Amino acid sequence: MEKKLIFFKNISYGRRDFAGKKRQLQYINKSKFRKGNFQRHLPNQNLPAVNFPLWKKCKPMIRKVFIMKRIFAVSVVIAALNVVLCAGDAAHGDKFSRKPAPEKIFAELKNGNERFVVDKCSHPNATGDRRLLASEKNQGDYAVATVLGCSDSRVPLELIFDAGIMDLFVVRVPGNICQGDEIGGIEYGVHHAYTPVVVVLGHSDCGAVTAVVKGGHKLERNIPELLKPIHKVVKEVREKKPNLDEKELLALCIRENVYYEIKMLFERSAAIRKVVRSGKVMLAGGVYDLRSGKVEWLDSDRVAKILKEAEADDSRETKEFED
């Protein structure tokens with residue numbers, strides 16, 4: 001009866017295992033080999049030992065098995081990575097989907113501001129229970145909007161939207177400018193607190209914008225660097241509207257500064273552009289009036305146009321994540 005040789009499973013494929021060493025082979029019936037019925041070696045079997053030259057005859061078959069195992073292992077790893085990445089994307093998307101729709105959140109911000117204007121604030125989520133909840137839970141399950149506003153003490157962002165603990169992720173800086181640190185803060189609010197709405201909010205009589213418009217006095221060493229973006233806005237407005245008086249110029253510069261900071265955000269954050277473009281996140285600009293308490297919402301069509309222009313700008317940031 002014709003017989004065929006096959007190696008034991010526990011024989012490794014390294015060179016050192018076959019360099020001059022003898023290995024036992026098991027004789028099995030060829031018909032059983034074809035059927036895949038591989039007999040295991042029994043201790044009482046008296047099998048002959050073979051020398052290294054016989055290994056060379058089996059080498060092509062062993063090499064083929066070895067390569068197939070490697071291909072299979074790599075395929076398993078790739079499949080596992082795909083599952084992990086897809087699960088991560090799904091989890092990220094689920095975080096947004098568990099929040100109210102952006103339009104609904106934006107409507108509630110408007111309603112909250114209207115209550116603030118008429119002194120009928122409900123002061124939601126401001127109790128001890130909410131404070132205790134904030135100490136135990138992740139803000140990503142509760143925050144609904146990221147707000148970039150001015151540091152001015154006259155502009156208490158949570159109050160003017162009648163919001164409470166864990167409702168808003170707030171980024172504040174003089175002049176509501178949007179540079180590296182502020183953009184990073186907004187990215188954190190959107191992609192880690194999962195806020196479906198972003199608001200860039202200026203306010204009337206802004207001290208930072210006023211300092212640039214009026215000028216004529218010395219500023220402390222680090223303030224001029226802070227105000228550089230506003231200088232660009234004021235210069236452009238003066239060139240386009242040279243006949244405005246100081247009050248009109250200040251009001252217009254405050255509005256244009258909001259649009260400019262939105263432009264900076266879109267140009268320098270591929271991560272924010274992506275979620276706004278997809279519709280998962282809504283971005284709005286507004287100006288808060290110190291006297292009335294009312295937020296005037298700026299033109300959404302112009303915001304959409306700024307996004308479109310940023311997408312077409314060759315100098316825009318294209319990387320979503322750090323290297």
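This note comments on the helix packing, the nonpolar cores and the cysteines of a predicted model.

1. Packing of α10 and α12. Helix α10 spans residues 246–268 and helix α12 spans residues 300–312; their axes come within 9 Å and cross at roughly 35 degrees. The crossing of α10 past α12 is right-handed.

2. Residues at this contact. On the α10 side, Glu 256, Tyr 259, Ile 262, Lys 263, Phe 266 and Glu 267 take part, and they meet Arg 302, Val 303, Ile 306, Leu 307 and Ala 310 of α12. Sorted by class, the contact holds seven nonpolar and four charged residues, with no polar ones.

3. The largest nonpolar core. This core has 49 residues, and those touching the most other members are Ile 186, Val 190, Val 209, Ile 230, Ile 262, Phe 266 and Leu 283. Helix α10 supplies the largest share of the core, eleven residues.

4. Surroundings of Leu 283. Leaving aside residues up to four places away in sequence, Leu 283 touches Val 198, Ile 262, Leu 265, Phe 266, Val 276 and Val 303.

5. A separate core. Another core, of 16 residues, lies apart from the largest one; Val 144, Val 155, Phe 161 and Val 197 are among its members.

6. Cysteines. The count of disulfides is zero. For Cys 206, the nearest cysteine sulfur is that of Cys 150, 4.3 Å away, whereas a disulfide requires sulfur atoms within 2.5 Å. Cys 206 counts as buried because its relative accessibility is 2%. Cys 121, at 24% relative accessibility, counts as partly exposed.

Conventions. Residues are numbered from 1 along each chain as its sequence is written. This is a predicted model: local features need pLDDT of at least 70, side-chain atom pairs count only at pLDDT 80 or more; totals for chains, interfaces and linings use all residues. Side-chain values use heavy atoms; hydrogens and water are left out. Buried means under 20% relative accessible area, exposed over 50%, partly exposed in between (1.4 Å probe, protein chains only). Axes are lines fitted to C-alpha atoms, for helices over the stretch in contact, and angles run from 0 to 180 degrees between N-to-C directions. Helices (H or I, at least four residues) and strands (E, at least two) are DSSP runs, numbered from the N terminus. A crossing is left-handed if the near helix is turned anticlockwise from the far one by less than a right angle, and right-handed if clockwise. Contact means heavy atoms within 4.5 Å. Ala, Val, Leu, Ile, Met, Phe, Trp, Tyr, Cys and Pro count as nonpolar, Asp, Glu, Lys and Arg as charged, and the others, Gly among them, as polar. A nonpolar core is a set of buried Ala, Val, Leu, Ile, Met, Phe, Trp, Tyr and Cys residues joined through side-chain atoms within 4.5 Å.
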